[in-house]
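Please walk me through this protein structure, one feature at a time.

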Amino acid sequence: MQPPLAIISEQFGDTAIVSLTGELDTTKCAQVGEALSAHLSDGRPHLIIDTTGLTFCDSMGLRTILEYVNRAARAGGWMRLAGVQGVLKRLLEVTGVAGAIPIDPDVPTAMQARIREAGHGSTSV
C-alpha cells in the first residue's frame, strides 16, 4: 500500500497556497497536477507550494513541480516553494534546480514576497 499524500489548498485572491504532506512520488503526481491546474484555471496564477510536510519526493515529483513553474509563468504568474527540507532540498540541490525556483523558508515569507510584488504592480518575482 502506498503512503498517502495530503493536498490542502487555500486561496487568497490570485494566489493559492498548496500544502503537501506525505510522499510525492510517481503515483501521486497526477493528484498534485490536478490541484495546481485547478488553481491556474480558476485565475490564480501565483502558486505557493508548502513542502514543510513533504517527507519524500522522487524525480517525477520534481518534474511535476518544474512543469507547474512553467505553466504558472505562461499564465502570467509564478510558483514559489516554501519550507523545503530533507529529500526535496537535496534533490533540488543535486539537480541544480534550486536556483531556478524561488524558495522561501516558510509560507508567511512567500506571502510577503507576493504582497511586496502586488504593491509594486509587477507580475514577476
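In this predicted model, the side chains of Arg114 and Glu117 meet in a salt bridge with 2.3 Å from N to O, a salt bridge being a side-chain nitrogen of Lys or Arg within 4 Å of a carboxyl oxygen of Asp or Glu. Arg114 and Glu117 are three residues apart in helix 4, so about one helical turn separates them; helices here are DSSP runs of H or I with at least four residues, strands are runs of E with at least two, and both are numbered from the N terminus. An α-helix has 3.6 residues a turn, so residues three or four places apart point the same way.

Arg114 also forms a salt bridge with Asp14, where the closest N and O atoms are 2.7 Å apart. Because Arg114 lies in helix 4 and Asp14 in the loop between strand 1 and strand 2, this pair ties together parts that are 100 residues apart in sequence.

How buried or exposed are the partners? Buried means under 20% relative accessible area, exposed over 50%, and partly exposed in between, using a 1.4 Å probe and protein chains only. Arg114 is buried at 10% and Glu117 is buried at 5%, whereas Asp14, at 29%, counts as partly exposed.

The buried residues of helix 1 are Cys29, Val32, Gly33, Ala35, Leu36, His39 and Leu40. They cover an arc of only 165° around the axis, which puts them on the same side of helix 1, the arc being that of the directions from the helix axis to the C-beta atoms. On the other side of helix 1, Ala30, Glu34 and Ser41 are exposed.

How far can the model be trusted? The protein averages a pLDDT of 93, and 94% of the residues score at least 70, pLDDT being the predictor's confidence in each residue, from 0 to 100. Residues are numbered from 1 along each chain as its sequence is written, and side-chain values use heavy atoms, without hydrogens and water. Local features need pLDDT of at least 70 and side-chain atom pairs count only at pLDDT 80 or more, while totals for chains, interfaces and linings use all residues.
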